[in-house]
There are 2 protein chains.
Amino acid sequence: MGTPLEGNAIIGQSGGPTAVINQSMVGVVEGLRGKPGVQKILGARHAVRGIINHDFIDLTDIGQDKLDAIARTPSAGLGSSRDKPDAAYCERIFEAFRKENIRYFFYIGGNDSSDTCRIVNEMAKQQDYELHCFHCPKTIDNDLVKNDHTPGYGSAARFVAQAFMGDNLDNAALPGIKINVVMGRHAGFLTAASMLGRRSPADGPHLIYVPEVAFDEDKFLADVDKVFTERGRCLISVSEGIHDADGTALVTKLAEDVEKDAHGNVQLSGTGALGDLLSDLIKKKLGAKRVRADTFGYLQRCFNGVVSEADASEARASGRKAAELATSGDIDGSIAIVRKSDAPYTVDYERIELSDVAAKTKTLDPKYIVDGNNIDESFKKYLAPIVGDLPPVETILY
Amino acid sequence: MGTPLEGNAIIGQSGGPTAVINQSMVGVVEGLRGKPGVQKILGARHAVRGIINHDFIDLTDIGQDKLDAIARTPSAGLGSSRDKPDAAYCERIFEAFRKENIRYFFYIGGNDSSDTCRIVNEMAKQQDYELHCFHCPKTIDNDLVKNDHTPGYGSAARFVAQAFMGDNLDNAALPGIKINVVMGRHAGFLTAASMLGRRSPADGPHLIYVPEVAFDEDKFLADVDKVFTERGRCLISVSEGIHDADGTALVTKLAEDVEKDAHGNVQLSGTGALGDLLSDLIKKKLGAKRVRADTFGYLQRCFNGVVSEADASEARASGRKAAELATSGDIDGSIAIVRKSDAPYTVDYERIELSDVAAKTKTLDPKYIVDGNNIDESFKKYLAPIVGDLPPVETILY
């Protein structure tokens, strides 16, 4: 493998933060430490924006206790960004890389971020700039291809599952129709997690709508009416990204002017609009009285204190793996979590090509989707080890 | 104290459920067991409605392991109700009491429920029906008079504090203006809890609006503008019950037709309307770009797995105390939690008259409210022991 590449390393955290994205960042730092060739380890403040602004946090000498404390802290400790670098932006990234002698670049993020990583890596090759470039997976959406699941998902799924367990009991105590809107633009993994705490069909969520299935108002109303008639209550789990057969997101049907980010994504979170729309629909069309809607919003991704232990340790390990590979030779890529066994639950961290993961979206396997309005119990086998044991509940009412 | 009163006991859980209302119910059961005179221990399904419908769950012989598991389960295990009994309804309650030979009545709830308890108790006296009647405090709103704080509040406050700690870091990572709407109709205790995890003025929430202060749009916009200009971000905590100087709740300004419960309370929860209203206001008047609103909704009261240990044990103890008093002689009343000392934190459970607590509302002491837009740091001394230690965070970005 020849002489190690001499220079500094930069780590960036991009896109929506998660409860364990700092585990990945700390994993990279731990993996880089003591490696020949690696000099300074820098964190880019607010991702690519920190790079072009030469705005860094020096991570080289932070003590292990503080590193551990940072790792346990939710959200992106370095700050994040939703900037999507164009050619001119990338030129500025390389200016900074040259000036700071950056030879190792780690970018922790989802599919948009892996694409940024791919572009930067390709530019490095074109410019004959020697750079070892790694993407580390991160997204609560769990929508990266080639990954069994992604760091961030397990903890967000845990939040959603625990929230639904409590809300199911709330809905049983004061019966009515309750809608909970869960994050997930194109993939229903997080919404599907709402079923993990269900012990029998009596427990909610009784209906689950994911973006993998075109949403049909009439079917939705018939579904709700059926469950409510049967059980005297109905708990519904809905992805924020549900859309009609044409692909138009339901939430955009309401908004006067739709807000989009640099990646062209319509704003779905940070508003109760979709929940209220569905709630009004049920009230008007079914004449139901007690209808409520909650939108879980940003709590799902960064709640302080609801973390999956497996998720935390896998996030750390995937960051460490990226650093170890990047310092092992002339190599670049992304880390994928591959499941080796369900019982005992074991995973491996494998290198994949950046182009394998960049800008691609994985969605729920159709085998998990039942009648377009529910998730099959077999999904628990996939999900449970990622989330960990849930606080048990005991009921006497039903 | 003479011969113990021979007969059966009924327990009801009323109003909005909490994470620890089952602790109180189990505390009553434990306090009643083995007491002379007490025969069957019945739970009324869905509170007073279960009584008039003779719809009971027999709790007499449930084993301790199952009782413990029920106690740890959030929401009202017996089911709840928002029925407000009128005279005819109360007559039906007494019919049931006579038929079932109910001599001990325990009602776990907030101020509306304590009033129901008071009315039932007075009717018993008028009718010379020997009944030992106790109200057990419960409300996440923390608005019962004579109580230092109420069971349910500590766990909901813990949820709110942990949520804000995470969301503060989320807002720091992706800066913008973020509004979080917290439960609380007339009292700002739960909204005030959003500040518990704040380590310095740099941490959000930077602004806190409670119903104790009339909400003024212009002042609100000026506040937000000032914080955003100074810090480049702004995290705002708002009670769902904020209202203008005339007392009109902001949320009712929007709704076409306002929904009210049997107690005349306007529906505030289960909709994202208030958050979206404030978000739109900021976008339009301040021209701010990244403005988001989350409404914590029902997650605050029944989330499975975020519980204050102090809250859980106090809820249990207050239920047990009610049962012990009710079986100790010709006595009725309500239990109040009285703080004896801050350090070490100790409380006592004292009997108060039903008329002392019934239908009265406690609000935040004005000494805690700063400039009408924040909560003083001294509130932490009051709140911290009720909530318990929070998961610590470590930042490097700011």
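Start in chain A with strand 6 (residues 177–182): five bridges join strand 6 to strand 9, and the two run parallel. Strands here are DSSP runs of E, at least two residues long, numbered from the N terminus. Two strands pair if DSSP finds at least two bridges between them. This is a predicted model, where local features need pLDDT of at least 70, side-chain atom pairs count only at pLDDT 80 or more, and totals for chains, interfaces and linings use all residues. Residues are numbered from 1 along each chain as its sequence is written.

Select A:I177 next. Its bridge partner in strand 9 is A:V291.

Now show the whole sheet. It is open, has four strands in the order 7-8-6-9 in chain A, and pairs them in parallel. Strand 7 (207–209) and strand 9 (291–295) of chain A stand at the edges; each has a single partner strand, so one side of each is left without a neighbour in the sheet.

Zoom out and colour chain A by domain. The domain assignment, automatic or from a database, gives domain 1 (7–151 + 306–357) and domain 2 (153–304 + 364–387). Their C-alpha centres lie 31 Å apart.

Look at the interface. In chain A, 28 residues of domain 1 are in contact with 25 residues of domain 2, contact meaning heavy atoms within 4.5 Å.

Finish on A:K381 and A:D342. They form a salt bridge, with the closest N and O atoms 3.8 Å apart. The rule asks for a side-chain nitrogen of Lys or Arg within 4 Å of a carboxyl oxygen of Asp or Glu. It finds one salt bridge across the interface of domain 1 and domain 2 of chain A.

Methods
Chains lettered and ligands numbered in written order. Heavy atoms only, no water.
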